[in-house]
Amino acid sequence: MIRVVIADDEQLIRAGLRLILEAAPDIAVVGEAADGTEARAAAERLRPDVVLLDVRMPGLDGLAAAPAIVAAGPKVVMLTTFDLDEYVHEALRAGAVGFLLKDTPPRELAAAVRTVAAGNAMLAPTVTRRLISSFAERGPARREAARQRLARLTDREAAIVREVARGDGNAEVARRVGASEATVKTHVSRALAKLGVANRVQLAILVHDADLLG
């Protein structure tokens, strides 16, 4: 079972998300939280696989709570209304693996939780790519620093990393670069280790900071 904690200050939102997720046979909602402080405590106490974390909550909000929750072990996915939440990029830097819109269709919500629990980032939706692209800080110093870090990669690793940063999954990346999925996974793992980043989202942010996608 995939263990999930839902953190949102609106009770109706929490109830709706719980109803959707618990309809899936492989997902169990093990806790709820109404603010960031409760979410952090639930993550430490319940050790869920995934925390769905609202960006905007009273007191300690999702952005402030994200680093501690990530440090406790769960995968963090931000819940957002997108149009208002320009600071989601900050949460991605803190280690969140993606985000979901609150009006995500039920089937896609359950699939997203499974994807994250399996260790994959939520980069496929076009809105995720738009957020990363729009809010990356691309000043000259940051761009040069990112390019110097990426220079540690081999040409093959760099090519695969650029495709990952476009938001494609392993299968699509493999098709684009003419390699097997296993080869792509190996190169991505090596790139993560060389660059000292925790996941594919942070990897994508680094590529966007370097402004290498055109």
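Here is a short tour, one selection at a time.

A quick note first: this is a predicted model, where local features need pLDDT of at least 70, side-chain atom pairs count only at pLDDT 80 or more, and totals for chains, interfaces and linings use all residues. Residues are numbered from 1 along each chain as its sequence is written, and side-chain values use heavy atoms, with hydrogens and water left out.

**Stop one: α2.** Select residues 36-46, which form helix α2 (helices are DSSP runs of H or I, at least four residues; strands are runs of E, at least two; both are numbered from the N terminus). Color G36, A39, A42, A43 and L46, the helix's buried residues (buried means under 20% relative accessible area with a 1.4 Å probe, protein chains only). They sit on the same side of α2, because they span an arc of only 120° around the axis, taken from the directions from the helix axis to the C-beta atoms. Now show β1, β2, β3 and α3, which are among what covers them.

At the start of α2, look for D35: one of its side-chain oxygens comes within 3.1 Å of the backbone nitrogen of T37. After the helix comes R47, with a positive phi near 50°.

**Stop two: M78.** Setting aside neighbours within four places in sequence, M78 has contacts including L53, L63, A91 and F99 (heavy atoms within 4.5 Å).

**Stop three: Q202.** Go to helix α11, residues 200-209, and pick Q202. Is Q202 buried or exposed? Q202 counts as buried, because its relative accessibility is 16%.

How values were computed: Buried means under 20% relative accessible area, exposed over 50%, partly exposed in between (1.4 Å probe, protein chains only). A polar contact is a pair of N or O atoms within 3.5 Å; within protein, one must be able to donate a hydrogen and the other to accept it, and residues adjacent in sequence count only if both atoms are side-chain atoms.
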